[in-house]
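User: Hi! I'd like to go through a few local features of this model with you, one question at a time.

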Amino acid sequence: MGNRTRVHLLASRVHKWLALIIGAQLLIWFASGVIMSFLPIEKVRGEHLVDRDRIVAIPADVELLSASALAGRVAAPVTSMTVHMLDNRPVAELVTNKGIKLFDAATGAALPPVDAALATKIARAAWTSPQPPRATATMVRVASTEYRAALPAWRIAFADADNTSIFVAVDTGKITAVRNGTWRLYDFFWGLHIMDWKSHEDFNSWWLLGFAIGGLVLGIAGTVLLIMRWPFRRKRRLA
């Protein structure tokens, strides 16, 4: 066997292995895309279980402190201020370069960070069904694939069929995320789809870029081979 034949066999084997590897990833891309397309986005976000945009109007008869009076309660410069209802009372949320501070908008009293009891109450109030299932609260201090929003936060886990969890920020008392079984299934296939098996959020990795270029080259090569083997070329040669 000559050197040219050996090189040809080696190149053929490399091409087959590359085609197999890239083809497997193409299959994963197509399968994950189909599965994610079939999952309703409302169910992925948990909108059928949790109303995270629930708004409680401030009573008209409540007298609120002025913005300047509330801003004077903090030592740092205030960049923004919002007033909303929290636990049946008006709360002023002041954002500063040192963090977020909560005050009673009527009395100006400083409010403590949201505890487990209040976080559970907030989560249960956002539950859409009349009787929310049993819930347990745990503190989350480190970001994960399931939660990457404001920290620290309370994770309110409900004992429902979809294993729903509502995350409530400690500094604001706002619902920052809703996770359920459908979301976790979607996130798993999303991680496979973008080839980020760790954080499930980086779709600019070299893995994805390399396989995308390999798939493009494989597709172009297959198209060229198809044209070269097309029957009309054989008919022309025979003619």
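User: Which residue lies over the face of tryptophan 183?

Analyst: Happy to start there, with the reminder that this is a predicted model. A charge counts as sitting over a ring if it is within 6 Å of the ring centre and within 35 degrees of the ring normal. Here the distance from the ring centre is 4.1 Å, and the residue over the face of tryptophan 183 is arginine 179.

User: How is the aromatic pair of tyrosine 147 and phenylalanine 167 classed?

Analyst: Two values describe a pair of rings: the distance of the centres and the angle of the planes. For tyrosine 147 and phenylalanine 167 these are 4.4 Å and 10°. Planes under 30 degrees apart count as stacked, so this pair is stacked.

User: Which parts of the chain does that pair link?

Analyst: Tyrosine 147 belongs to the loop between strand E4 (135-140) and strand E5 (153-158). Its partner is 20 residues away, so to speak on a distant part of the chain. That places phenylalanine 167 in strand E6 (residues 165-169).

User: Is tyrosine 147 buried or exposed?

Analyst: The cut-off for buried is under 20% relative accessible area. Phenylalanine 167 is at 1% and is buried. Tyrosine 147 also has a relative accessibility of 1%, so tyrosine 147 counts as buried.

User: Which element gives the most to the largest nonpolar core?

Analyst: That core has 22 residues, and Val50, Ile156, Phe158, Ile166, Val168 and Ile175 touch the most other members. At least two residues each come from helix H4 (116-126), E5, E6 and strand E7 (175-179). With five residues, the top contributor is H4.

User: What is the omega of the peptide bond from leucine 151 to proline 152?

Analyst: Proline 152 is in the loop between E4 and E5. The bond from leucine 151 to proline 152 is cis, with omega near -5°.

User: What is the phi of aspartate 87?

Analyst: Aspartate 87 is in the loop between strand E1 (78-86) and strand E2 (89-96), and is partly exposed at 35% relative accessible area. Asparagine 163, in the loop between E5 and E6, has a positive phi near 50°. Aspartate 87 is not a glycine, yet its phi is positive, at about 55°.

How values were computed. Residues are numbered from 1 along each chain as its sequence is written. This is a predicted model: local features need pLDDT of at least 70, side-chain atom pairs count only at pLDDT 80 or more; totals for chains, interfaces and linings use all residues. Side-chain values use heavy atoms; hydrogens and water are left out. Rings of Phe, Tyr and Trp (its six-membered ring) pair if their centres lie within 6.5 Å; planes under 30 degrees apart count as stacked, over 60 as edge-to-face and the rest as tilted. Helices (H or I, at least four residues) and strands (E, at least two) are DSSP runs, numbered from the N terminus. Buried means under 20% relative accessible area, exposed over 50%, partly exposed in between (1.4 Å probe, protein chains only). A nonpolar core is a set of buried Ala, Val, Leu, Ile, Met, Phe, Trp, Tyr and Cys residues joined through side-chain atoms within 4.5 Å.
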